[in-house]
Amino acid sequence: MMKVLRSVLLCALLLTTHTAFAAKGTLLYIPMDNRPVCLDYTVQTMQAAGWDVQLPPAEYIAGAQSAGQPEKLFNWLEAKAGESVAIVASSDALLYGGLVASRTHEISPELLQQRVERLVELKKQHGGQKVYVFTTIMRSPKASSAPTEPAYYKEWGPKIFRLGELEDKLELKQIKRKEVKELAELRSSIPREILADMFTRRNNNIRATELLLHGVESGDFDYMLIGRDDTAAYSQAHREAREMDILVNELPKEKIRFFAGADQLGLLLLSRAANRLQYELPLVNVTYAAGMGGKTVPTYEDDTVAVSAKQHIYAAGAFPVYSRKNADLVLAVNTPADGVTHEASDASNSYKALPATVNFVNKVERILEHNHPVTVADIRFGNGADNALVKTLFDKQLAYRLASYGGWNTAGNSLGFALAQGLLYKQLTPEARENLLNVRYLDDWAYQANVRMQTYQQLIWPNYWPNSGLNEEQRTAAEAYITREINKVSKPYMGNTAEEYKFTLPWSRMFEVKVER
């Protein structure tokens with residue numbers, strides 16, 4: 001039955017594909033910024049799979065200290081379009097200058113509309129390549145400050161978040177009596193000029209996203225992803241998402257998806273482009289750790305993992321199946337038994353494997369023994385890997401038998417990135433796959449779940465250094481400490497592998513490390 005379904009779906013795919021490219025070709029990629037997960041790791045994955053990925057000049061792309069340059073990005077894209085078989089582009093980069101700039105910009109609605117129209121016209125004006133676009137709904141952080149948010153978030157961030165949370169509850173008729181009073185106090189206590197600035201910026205962004213939907217409706221975009229960046233079950237972002245969802249549901253599901261996450265979107269669409277250009281329609285089976293499993297609603301997200309996994313599979317150009325027998329890839333999701341995703345820095349993230357972890361790894365091993373490729377999305381904890389899981393994978397010599405692994409940030413980030421890499425595993429040499437796995441273990445596990453907090457405790461906080469905005473001397477010292485500690489943490493499981501890699505802090509902050517050979 002599944003073989004028949006695959007044949008029908010593949011025929012439909014072929015009928016809707018106007019231009020055939022039997023061999024791999026050039027993909028133009030505009031990331032939302034130059035963070036490693038958005039740029040380096042994504043490009044390395046596609047290049048390892050045999051694709052020629054071309055990027056704009058580095059100075060056009062948003063970095064830690066500067067926004068990107070939309071006009072120059074557009075000019076580059078239009079000049080290079082004719083050389084490509086597909087384009088994957090961040091509208092946040094093209095409209096605002098990057099993800100951070102989308103939250104802090106002062107761009108007029110008129111200019112935003114002009115840029116949207118220019119992006120929508122790209123396919124018609126420059127050769128008819130496949131055009132894949134990803135964008136984000138502005139996040140609602142509980143606490144943040146400049147430069148990643150407007151400066152007033154340093155003082156008012158928590159109250160602004162709480163205001164959105166209560167407004168959302170009010171609209172959903174789920175607000176408690178005592179919260180009604182709190183909402184009234186928040187409305188009066190937060191300065192009007194701050195609320196006006198915030199809502200004006202958010203409304204302009206929502207309007208720009210609504211205009212982008214015309215590109216889906218007209219067929220000028222072959223596919224569009226809308227990510228909900230760092231949202232919560234109740235928040236201003238969730239309010240806006242509910243309204244956006246109404247518009248998205250009026251468009252064909254084979255052209256657009258809308259789910260939690262941001263940093264994984266670029267690789268998902270590149271993976272989709274690769275599948276479509278090679279007439280591939282991978283079938284993916286999903287399995288979970290015991291307990292709440294797919295019913296888990298992770299921290300920083302507002303959907304269950306089951307919904308998120310399904311949406312990610314479709315977005316990556318694959319198809320979810322219930323039967324493992326027919327699957328090209330098994331997505332094994334490591335979820336918390338009680339459905340609560342604590343931070344990876346939490347004391348509960350020990351190396352002692354609980355029965356649920358042992359059972360999960362045994363399940364992965366059985367699936368591998370039946371020659372089914374397995375991707376592990378490690379989302380038991382937020383912002384880092386599950387120590388017990390990684391230890392058990394290495395102890396049972398399964399770590400390098402996986403198609404891919406991910407466990408670095410939010411659940412959607414980890415799941416989406418691991419899935420996209422896993423769908424490309426057949427196109428990777430054994431050496432390339434091992435390298436990609438090494439980067440993830442060294443980043444997601446050694447650094448995110450272990451060394452990052454050690455660096456805070458042993459170096460950053462005792463010296464009263466900032467968590468972000470490190471100066472050159474501080475960054476150099478932090479990188480040396482991180483390199484030494486990653487080598488220590490990883491050595492019992494990975495031997496001297498870490499010595500082959502370099503570890504840097506490209507944004508001069510502790511949140512992300514860049515792992516490179």
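The structure is a predicted model, in which local features require a pLDDT of at least 70 and side-chain atom pairs count only at pLDDT 80 or more, whereas totals for chains, interfaces and linings use all residues. Residues are numbered from 1 along each chain as its sequence is written, and side-chain values use heavy atoms, with hydrogens and water left out.

Helices (H or I, at least four residues) and strands (E, at least two) are taken as DSSP runs numbered from the N terminus, and two strands are said to pair if DSSP finds at least two bridges between them. On this basis, 6 strands form an open sheet with parallel pairing, in the order S2-S1-S3-S4-S5-S6. Strand S2 (52–54) and strand S6 (256–260) stand at the edges of this sheet with a single partner strand each, so that one side of each is left without a neighbour in the sheet. From one strand to the next, the twist averages 15°, where axes are lines fitted to C-alpha atoms, for helices over the stretch in contact, and angles run from 0 to 180 degrees between N-to-C directions. Within the sheet, strand S1 (residues 26–30) runs parallel to strand S3 (residues 86–90) and is joined to it by 4 bridges; Leu28 has Ile87 as its bridge partner in S3. Helix H11 (residues 236–248) packs on the sheet, where it touches strand S4 (130–137), strand S5 (223–228) and S6, and its direction makes about 165° with that of S6; contact here means heavy atoms within 4.5 Å.

A further open sheet is formed by 5 strands in the order S8-S7-S9-S10-S11, again with parallel pairing. Its edge strands are strand S8 (319–320) and strand S11 (404–406), each of which pairs on one side only. Helix H13 (residues 305–315) packs on this sheet and touches S7, S8 and S9, its direction making about 160° with that of S7. Helix H16 (residues 411–423) also packs on the sheet, touching S7, S9, S10 and S11, with a direction at about 170° to that of S11.

Within this sheet, strand S9 (residues 329–334) is largely enclosed by the rest of the structure, because 6 of its 6 residues are buried, a class defined by a relative accessible area under 20%, as against over 50% for exposed and values in between for partly exposed (1.4 Å probe, protein chains only). Leu329, Leu331 and Val333 point one way from S9, while Val330, Ala332 and Asn334 point the other way, and all are buried. Strand S7 (residues 283–288) pairs with S9 in the parallel sense over 5 bridges, and Val284 has Leu329 as its bridge partner in S9. S9 also pairs in the parallel sense with strand S10 (residues 374–378), over 5 bridges; the partners in S10 are Ala377 for Val333 and Thr375 for Leu331. From S9 the chain crosses through helix H14 (residues 355–369) to S10, and this β-α-β crossover is right-handed, in that, with the strands pointing away from the viewer, the path from the first strand over the helix to the second runs clockwise.

Rings of Phe, Tyr and Trp (its six-membered ring) are counted as a pair if their centres lie within 6.5 Å, with planes under 30 degrees apart classed as stacked, over 60 as edge-to-face and the rest as tilted. The count by this rule comes to 12 aromatic pairs. Among them, Tyr405 and Tyr441 form a tilted pair, with 5.0 Å from centre to centre and 35° between the planes. This pair links distant parts of the chain, since Tyr405 lies in strand S11 and Tyr441 in helix H17 (residues 430–460), 36 residues apart.

Glu479, in helix H18 (residues 472–494), counts as buried at 16% relative accessibility. A polar atom of the Glu479 side chain lies 2.9 Å from the backbone nitrogen of Leu505. Not counting residues up to four places away in sequence, Glu479 touches Phe503, Thr504 and Leu505.

Asn383, in the loop between S10 and helix H15 (387–395), has a positive phi of about 60° although it is not a glycine, and counts as buried at 7% relative accessibility.

Key
A polar contact is a pair of N or O atoms within 3.5 Å; within protein, one must be able to donate a hydrogen and the other to accept it, and residues adjacent in sequence count only if both atoms are side-chain atoms.
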